[in-house]
Amino acid sequence: MIRQAFVASAFGVGSLLLPGPVAPLTSAQEAVSFAKDIRPILHAACEGCHGDLQASGLDLRTRETALKGGDQGVAIVPGSAEQSRLYRRIAGLEQPSMPMKGTLTPQQIASIKAWIDQGAHWDEAVASATAAPLDRAGALAALENMDIPAAARNYWAFKLPVQAPVPDVPVAFQNPIDRFLERARQDKGLKAAPHAAPLVLLRRAYLDLIGLPPTPAETAAFLADTSPGAWARAIDTLLASPHYGERWGRHWLDVARYADSGGFEHDYDRPNAWRYRDYVIRSFNQDKPYNVFLKEQIAGDELDTKTDDTLIATGFLRAGPRVAFREKDNPERRYEYLDDLIATTGRGLLGLTVQCARCHNHKFDPIPQKDYYSLVATFFGYVETTYPLVPRADAEAYEQKLKGIEARQAALKAEIKQIEAPYQEKLRQEAYKQFPEVVQRAIAKPERERTPGEQLLAQQVIEQVNVGRAVDRVLTPDEAARKKALTDQIAALDKEKPKPLPVAEIVTDGDYRFAPDGDGDEVIGCPKCRITDASGTFLHTGPGRYQAPPAYFLIRGDANTRGSVMKPGFVTVATYGDPPTEIPPADGHTSGRRRALAEWLGSSQNPLTARVIVNRIWHHHFGRGIVATLDNFGKMGEPPTHPELLDYLAVEFMKRGWSIKQMHRLIMTSEAYQMASAYEDAADREKDPQNQYLWRFRAQRLDAEVVRDTILTASGGINLTIGGPPAFPPLPKEILSSVSYGVWKNDEDGPAAWRRSVYVYRRRGLAFPMFQVFDLPEQNITAAARNVSTVPTQALMLLNDPFVLRQAELFADRVRKEAGDDPQRQIDLAYRIALTRAPTETEMRVAVESTKTHSLVDLTHVLFNLNEFVYTR
């Protein structure tokens with residue numbers, strides 16, 4: 001049954017069949033009715049492209065235009081189907097076969113063949129009822145150009161932000177944020193909550209900025225500092241911590257859809273992806289200006305000064321999921337990758353769903369298809385390659401030695417192939433006999449004569465059949481001995497290969513169509529340029545400046561139905577003035593299109609970029625953005641609750657050099673950030689049940705990674721090593737055996753596995769269980785606000801997971817070691833470590849009684865399970 005379903009799918013049986021009421025043909029002499037038999041097929045299968053749009057210049061709506069043919073010549077030769085390109089394409093006798101989407105049934109193909117053989121007659125009634133075809137150029141122009149009315153820019157998100165005067169309010173607030181918020185609260189009749197307790201604030205700040213709770217020593221130091229400015233100094237200390245970049249870099253990695261594997265069925269390992277993750281962490285620690293941060297990720301290879309870091313930064317462009325197939329052999333995949341890039345750039349950086357304009361003009365926002373394909377043209381020249389992180393001389397020496405060894409191995413492999421060749425084909429033909437006859441016939445046909453369904457079927461079965469071991473069983477003793485000797489020589493040469501160089505997975509301009517054959521697609525495809533130097537210098541190997549390959553407007557998003565060649569550009573409604581769409585570098589090795597996009601993104605004349613990032617920062621501090629839909633500032637997103645405050649912050653952010661750390665200081669020194677969350681006011685709750693106007697601080701559940709890191713910090717087991725290859729905390733065999741592909745190298749349950757969670761291997765096809773339970777976002781697309789659920793599996797994870805139980809034991813051991821044998825001192829220390837506070841009298845009494853009847857491990861385990869442990873208050 002499985003094989004039958006596979007065969008049916010490959011031949012387009014079922015849902016791929018195109019509609020069309022075709023009468024059975026009993027003989028070639030039976031007259032075919034154009035109106036009844038042919039017209040429905042042409043309308044359903046052909047006129048989408050060969051109608052108004054006249055793809056390839058062919059219009060099949062009237063006999064006159066059909067017989068005229070198109071750009072490739074005559075399509076219909078009345079009286080001879082065999083000479084008619086229309087028939088030969090639908091029958092799969094010429095490539096590309098038609099229609100592009102779906103297949104015709106054998107009966108439909110036979111009907112068209114008979115119709116052409118009978119003279120391709122066109123019923124006059126049908127012909128007269130058919131509207132005159134539109135001029136192709138006019139139809140394309142109408143499709144490709146959407147007028148954006150001037151009023152479209154009146155929408156708040158498309159206006160340039162303006163810093164309104166700070167409101168006058170009765171309360172003497174020092175921070176402008178509080179004055180904007182207080183005016184809104186007064187308008188709604190709301191009263192602000194009181195100041196939070198010092199230790200509540202301290203824990204809040206630590207978890208917010210570095211994702212780790214304060215130690216008892218850090219808590220004591222904070223309480224001991226009673227001089228003015230203690231709170232601001234505590235914030236500065238956290239911002240200077242190397243762990244700040246780990247926490248806030250993780251927020252960005254959600255936007256960048258970062259993972260250590262490629263996803264899809266095979267979920268291949270990306271052994272060097274971690275270098276981009278470390279670049280992000282370094283950038284946040286350095287407080288790299290956000291507009292520079294974006295430039296490096298969008299166009300780090302096109303900047304005037306290129307470094308290892310700027311090249312590694314382009315890993316942002318290739319961080320999305322990838323299939324195992326080479327783009328060269330599957331060019332339609334490129335448009336999927338480009339769509340991922342545009343969705344990430346649109347939602348992640350601009351707060352717009354630009355990807356919705358791939359197949360038609362955006363249904364809600366003033367974003368035409370033309371804008372989408374202008375962005376496609378901006379990115380279209382990119383290729384994915386590896387870049388050696390060593391001096392050029394070292395890289396050349398490595399390549400020379402490796403190629404020499406591989407050349408010797410190639411000769412040995414060729415001899416093995418020669419030994420096996422007489423048996424390979426015979427064994428393959430025997431193996432094919434286990435498949436249905438229709439499969440065997442498809443494989444037996446020459447490739448050029450196969451229909452698309454037959455080609456897909458034959459290719460998949462040929463790749464599936466492996467006769468390697470069977471060959472070994474039929475070799476003669478002399479042949480087997482010779483093969484073993486050759487295999488041993490190849491293995492010996494493997495040991496002589498130099499240790500692989502450190503490399504980064506980067507993006508630069510090229511042309512994937514010229515990628516040389518090889519074992520993977522990690523090669524530069526440009527026939528003119530290739531990266532060779534760790535300093536960022538490009539070695540030019542061809543004349544002239546780089547020219548990006550043409551990118552086309554795709555009609556209805558179909559890669560096989562091209563419109564006009566597109567020029568690079570941006571989102572029109574958000575573009576002010578006439579910014580350049582290309583900034584070619586002096587060396588001429590790239591197009592400069594991505595550089596122009598990066599400059600536009602980081603410009604003060606872009607109304608969206610600064611608003612989107614300050615809104616994300618606000619969300620991570622307060623649990624909700626001023627615009628709740630972080631990735632959609634369009635009409636289907638939520639409107640801002642405090643539009644003037646959002647604009648004030650956006651302008652202030654740009655004035656302060658696009659500094660994210662300065663935005664933290666401004667927000668965290670506000671009274672709003674320092675309000676209590678444990679505050680109830682019935683009137684406030686009734687007027688603003690969702691707390692949209694911040695009458696109290698929002699208690700927030702910790703992110704998945706912070707839950708794990710907080711457990712490790714409490715136990716004392718956390719490994720705070722910064723950067724480097726990912727860690728693989730141990731997973732049960734039952735989980736690992738549930739997937740066939742991908743990588744997971746179980747580390748021993750110890751320091752190597754107890755690194756911070758930002759360093760845990762991110763496998764797209766197998767999410768780390770604790771992260772998944774605590775709402776890890778979808779790893780294949782750019783993420784907005786993380787979902788926050790409350791489900792039984794979270795409690796079960798904290799109660800029963802072997803990792804949690806082991807850390808509870810280590811926590812108890814730590815408490816005994818630091819507090820001695822006094823139960824009350826042990827309990828007091830356990831509370832201070834886990835919750836950043838001393839236990840109440842009731843908690844102390846209950847805990848003392850519990851440890852008498854149970855154990856200290858039970859107490860530490862209970863602390864891990866408290867709501868207070870997994871929430872910031």
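Colleague: Over the face of which ring does Arg-153 lie?

Modeller: The model is a predicted one, and a charge counts as sitting over a ring if CZ of Arg is within 6 Å of the ring centre and within 35 degrees of the ring normal. Arg-153 is placed at 4.4 Å from the centre of the ring whose face it covers, and that ring belongs to Tyr-576.

Colleague: And at what distance from the ring centre does Arg-755 lie over the face of Tyr-759?

Modeller: Arg-755 is another residue that lies over the face of a tyrosine, here Tyr-759. Its distance from the ring centre is 4.3 Å.

Colleague: How many aromatic pairs are there, and is the pair of Trp-252 and Tyr-290 stacked, tilted or edge-to-face?

Modeller: Rings pair if their centres lie within 6.5 Å, and by this rule the count comes to 36 aromatic pairs. Among them is Trp-252 with Tyr-290, at 6.0 Å centre to centre and with 80° between the planes. Since planes over 60 degrees apart count as edge-to-face, this pair is edge-to-face.

Colleague: Which parts does that pair tie together, and are Trp-252 and Tyr-290 buried or exposed?

Modeller: Trp-252 belongs to helix 12 (residues 242-255) and Tyr-290 to helix 14 (residues 290-299), so the pair ties together parts that are 38 residues apart in sequence. The relative accessible area is 3% for Trp-252 and 1% for Tyr-290. With under 20% as the cut-off, Trp-252 is buried, and Tyr-290 likewise counts as buried.

How values were computed: Residues numbered from 1 in each chain as written. Predicted model: local features only at pLDDT ≥ 70, side-chain atom pairs only at ≥ 80, totals over all residues. Heavy atoms only, no water. Phe/Tyr/Trp six-rings, centres within 6.5 Å; stacked < 30°, edge-to-face > 60°. Helix = DSSP H or I, 4+ residues; strand = E, 2+ residues; numbered from the N terminus. Buried < 20%, exposed > 50% of the residue type's maximum accessible area, 1.4 Å probe, protein only.
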